[in-house]
Amino acid sequence: MTSRVDVARLRREGELFMQELSREYYEAHSGLKASAELQPVYEKYRDVLGSDALAVAREFFDSSAEGSEERRSARLLLDWQVESQSSRELAPIDEREIAWEADAVVTTADGRRVPFQRVAIEQANSTDRTERASLEKARSALVLRELAPMRRERFQRERDITESLGLAADYNTTWELLSGVSLTGLRDECAAFLRDTQAMWDDVLPPALKRVLGIRPDEATRADALALFRAREFDQYFPASEMEPSILRQVREMGLDPLANGRVRLDTGERAGKRSRAFCAPVRVPEEVYLVLRPHGGQTDWNTFLHELGHALHFAYMRPDLPMEFRWMGDNSVTEGYAMLFDHLMQDAGWLQRYTGVDKQATPAFLRSAGLEELHFLRRYCAKLIYETHLYGGDVSWESLPDLYVQLLSDATGFRYNPADAFVDVDTRYYAARYLRAWQLQALLTETLVARYDVDWWRNPRAGPWIAQALFGEAQRELAHEQAERVAKKPMDFAPLVRSVERMLG
Ligand SMILES: [Zn+2]
């Protein structure tokens with residue numbers, strides 16, 4: 001491959017690169033092969049991932065007219081190229097980190113040894129506060145000594161690499177330029193959401209801590225939060241055997257083929273090496289999308305399946321004639337919004353009673369618990385985004401970040417956070433912003449569906465075809481807020497989420 005790189009070649013080979021990479025991940029994570037062999041794929045497509053490709057994308061961006069369809073494409077291609085420059089340079093750090101996480105073992109003061117990746121699960125499952133705290137002490141000491149320095153170096157280098165490209169003044173403005181999303185606008189909305197829901201949170205958290213964990217608010221830590229939201233009391237209503245048939249039946253009832261005429265392939269078989277959590281792998285978009293799962297049952301399992309099904313249906317119903325950048329790239333707030341549109345069905349009383357074991361009598365308690373969890377996660381993500389704008393923004397020294405992290409996250413959630421996690425509990429490239437916007441989009445889409453197709457839109461046979469055509473079909477050509485304006489005729493904000501949390505908390 002020695003021919004010149006141009007935009008047509010970026011698209012053509014870029015799509016093949018995405019397909020091969022995605023197939024590697026699918027086969028490795030579903031247990032079809034022992035490990036993902038990514039290096040040969042990167043090597044094969046190095047011409048469309050290197051500095052020449054970046055220059056082509058940059059030229060395309062600079063020469064396109066602002067507000068044009070070409071600019072829309074160029075922005076996505078440039079964003080992809082910028083990301084691949086830093087991923088390539090950061091690959092050795094990322095590989096070191098993945099290897100560390102796989103091998104690390106936490107040893108508690110009384111000599112108990114727990115694999116690092118199991119600690120959060122053990123803490124969530126433990127009913128003994130002292131045990132949770134002892135695991136936390138050992139975990140945070142190990143993280144502070146070994147993982148945090150790696151992560152800190154990673155974020156510093158990512159910021160330096162991105163800023164050295166000179167696309168905008170600094171990391172944050174570069175992200176805004178490439179994403180088309182206002183970070184300062186979202187950060188201000190998050191601050192307002194935290195203020196607006198503070199009184200509600202102060203009302204509901206203390207009684208939940210007392211009832212579920214038997215602890216006072218002033219002693220609650222993040223390890224206790226894991227145990228509080230484990231919510232295993234409801235698992236009996238979500239049997240493993242009912243999950244797939246029940247959810248697929250619902251999608252059919254709303255007039256949508258859940259397998260998209262064979263384009264969605266369900267991989268449900270037991271296989272050694274298969275990940276335990278459901279995931280979606282789009283290998284060819286829209287023709288070949290895998291939805292991989294190993295049904296265990298329980299609330300979390302159903303939630304994850306719904307979420308991944310939302311992603312899978314989005315990929316499988318994308319219009320095939322759209323250019324690759326709209327099918328493979330774009331504002332992930334959109335696909336996360338559809339995933340959340342599906343997983344938030346678990347907050348709908350009518351849906352729960354029709355498709356799960358939650359009956360009329362159990363519904364109020366289930367929804368109160370779901371509302372508490374929703375408000376906690378929203379407040380946590382708002383605080384995370386505010387913190388991350390400082391981490392990437394450079395206005396706070398790296399040494400002062402741990403204190404700021406603890407203050408912001410503890411104040412928002414009511415659980416005491418650990419300074420050791422200041423560089424660990426961070427989403428790369430502002431994925432927290434994608435989730436927050438997805439949450440807003442989901443809430444607005446749900447309200448729109450209720451207005452168009454009634455409160456039980458999820459079984460209205462006219463709703464599915466509209467979702468497939470007006471939402472999924474557009475792939476990720478639009479930014480989430482553009483889509484909100486088009487279909488809901490409203491700007492995205494936190495208001496519908498506040499309404500929905502208030503409703504659940506009753
Ligand atoms: Zn997702």
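**Close-ups of a predicted model**

View 1. Residues are numbered from 1 along each chain as its sequence is written, and side-chain values use heavy atoms, with hydrogens and water left out. Look for Val82 in helix H4 (residues 69-103); helices are DSSP runs of H or I with at least four residues, numbered from the N terminus. Leaving aside neighbours within four places in sequence, Val82 is in contact (heavy atoms within 4.5 Å) with Leu54, Leu165, Leu167, Leu178 and Arg429.

**View 2. Asp331 in its loop.** Here's Asp331, in the loop between helix H13 (324-328) and helix H14 (332-343). Is Asp331 buried or exposed? Asp331 counts as buried, at 3% relative accessibility. Its side chain makes a polar contact with the side chain of Ser333 at 2.5 Å, and another polar contact, of 2.7 Å, joins the side chains of Asp331 and Arg437. (A polar contact is a pair of N or O atoms within 3.5 Å; within protein, one must be able to donate a hydrogen and the other to accept it, and residues adjacent in sequence count only if both atoms are side-chain atoms.) Not counting residues up to four places away in sequence, Asp331 also touches others, including Val181, Gln476 and Leu479.

Definitions and conventions. This is a predicted model: local features need pLDDT of at least 70, side-chain atom pairs count only at pLDDT 80 or more; totals for chains, interfaces and linings use all residues. Helices (H or I, at least four residues) and strands (E, at least two) are DSSP runs, numbered from the N terminus. Buried means under 20% relative accessible area, exposed over 50%, partly exposed in between (1.4 Å probe, protein chains only).
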